[in-house]
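Please keep the sequence and the coordinates at hand while reading.

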Amino acid sequence: AWDRFGTLPWSDLLQPAIRMARDGFVIGPRHLSSVGAGAETLERFPSTAAVFLPGGQAPEQGGVFRQPDLARALESIAMDGAAAFYRGWIADSTVAQMERGGGIITHEDLAAYEAVWRDPVTLGYRGYEVITMPPPSSGGVTMGQILNIAESFDLASFGWLSADHVHVVVEAMRRAYADRNFFLGDPDFVDIPMGRLLSQTYADSLAGTINMRLASDSRAFNRVPEESTQTTHYSIVDRDGNAVAVTTTINSWFGSKVVVRGAGYLLNNEMDDFTSKPGVPNQFGLVQGEANAIEPGKRMLSAMTPTIVTGPDGALRLVVGSPGGATIITTVFQVVSIVVDYGLSRADAVAAPRVHHQHLPDRIDVEPGGLPIDVVAALRERGHT
């Protein structure tokens, strides 16, 4: 992205992160609670405990949290670019950490890795253009399906979070996640029927199977044999109108919990985003199929859904994304729908209560107090859990 669009010198971009790692920041309640909650696991790994649990315990609030090893690694990347990470002393540190912990990543794995440019998924929704994440993230395709199915209904006439509204969007989510879990994977390994999945004709056919008075049975859409949420998103718009939606993750809380000794960064646990076994849920409860099975050189399926929305006049309307594992997709859908269908502000759309359905487990998840009691009762009467 910097090669194609960057205007500042590469080394300048890393300076704020280098300063924060080197000079530190004042420890507040959020940092303290996250380290405290994970202390029992973090202390299992000496390199991790040395960073997050100095002296064998969580640091005190008001103290300064510094990461000199991470600062040194970032300085090398600022000077030498990606090569510093994949081939230099940082790579040596990563492989050494693997050897200490029984991991499998080698120098050859790191040197062979390349970031891949993917064209975004684009679709229309009620005259707006939605520009979003392509595979191997499942976010854009799945959200696109939900939007396309929802477009068959006049959501605004139902009233936000009414029983009819929740019923329709949950039924759309159920169908879209069933397709996600079966069809989607790394496009370099799997032939994804993108044209069909994102066609309005297909969406209309799915919408036609929704009974307004009765919940569907997820098993009717299942093709897979049956047997926390720590992502970061940021949205930026500059004074020239350039918009960037970025989602990044190490998967779950503190990733694998292992800090690379000497380089100071946490290893992720993204392997959990693969299908370990068809029909077996991952940590987010997603039950996935063979398309996302583990293979050498393959990229795992994620739920990241960074999205940009432009209005009928072509003007920028929304830059959005979310943390939340499997709930990322439905969160971004609901923010887009609230703005487009109900005309609420972006702030109100982000703050609104949300619902979630991911096909399996066959239930609606709701924020505490997010739905009125009478709406919950009406949904239960239709057969929803």
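Asparagine 251 is buried, because its relative accessibility is 4%; here buried means under 20% relative accessible area, exposed means over 50%, and partly exposed covers the values in between, with a 1.4 Å probe and protein chains only. The model is a predicted one, in which local features need pLDDT of at least 70 and side-chain atom pairs count only at pLDDT 80 or more, while totals for chains, interfaces and linings use all residues. Residues are numbered from 1 along each chain as its sequence is written, and side-chain values use heavy atoms, with hydrogens and water left out.

The backbone at asparagine 251 deserves attention: its phi is positive, about 80°, although the residue is not a glycine. Asparagine 251 belongs to the loop between β6 (243-248) and β7 (307-310), where strands (E, at least two residues) and helices (H or I, at least four) are DSSP runs numbered from the N terminus. Lysine 257 is also placed in the loop between β6 and β7, and its phi is near 75°, again a positive value in a residue other than glycine. With a relative accessible area of 17%, lysine 257 is buried. As background, most residues other than glycine have a negative phi, and most peptide bonds are trans.

Two cis peptide bonds may be considered next. The bond from proline 135 to proline 136 is cis, with omega near 20°, and proline 136 lies in the loop between β4 (128-132) and α9. The bond from leucine 360 to proline 361 is cis as well, with omega near -5°; proline 361 is found in the loop between β9 (355-356) and β10 (365-366).

Helix α9 itself covers residues 139-150. Its 12 residues reach 16 Å from the first C-alpha to the last, close to the 16 Å expected at 1.5 Å a residue; the expected span is 1.5 Å times one less than the number of residues. Why is α9 described as largely enclosed by the rest of the structure? The reason is that 12 of its 12 residues are buried, among them Met143, Gln145 and Asn148.

Charged side chains form a further group of contacts. A salt bridge is a side-chain nitrogen of Lys or Arg within 4 Å of a carboxyl oxygen of Asp or Glu, and by this rule the count comes to 12. One of them joins arginine 382 to aspartate 164, at 2.7 Å from N to O. Arginine 382 is buried at 5% relative accessibility, whereas aspartate 164 is partly exposed at 25%. Within helix α11 (residues 163-183), glutamate 171 and arginine 175 lie 4 residues apart, about one turn of the helix, and they form a salt bridge whose closest N and O atoms are 2.6 Å apart. Both glutamate 171 and arginine 175 are buried. Aspartate 362 and arginine 174 meet in another salt bridge, at 2.6 Å from N to O; aspartate 362 is partly exposed at 30%, while arginine 174 is buried at 1%. Through shared partners, salt bridges join Glu171, Arg174, Arg175 and Asp362 into one network.

Aromatic rings come next. Rings of Phe, Tyr and Trp (its six-membered ring) pair if their centres lie within 6.5 Å; planes under 30 degrees apart count as stacked, over 60 as edge-to-face and the rest as tilted. A search of the whole structure finds 11 such pairs. The pair of phenylalanine 85 and tyrosine 86 is edge-to-face, because the ring centres are 5.0 Å apart and the planes stand at 75°. Phenylalanine 182 and phenylalanine 183 are also paired edge-to-face, with 5.0 Å between centres and 80° between planes.

At the level of the whole, the protein chain comprises 16 helices and 10 strands. Its radius of gyration is 22 Å, close to the 21 Å that the globule rule gives for 385 residues, so the chain is as compact as a globular protein of that length; the radius is taken over C-alpha atoms, and the rule is 2.2 Å times the number of residues to the power 0.38. Of the 385 residues, 48% count as buried.
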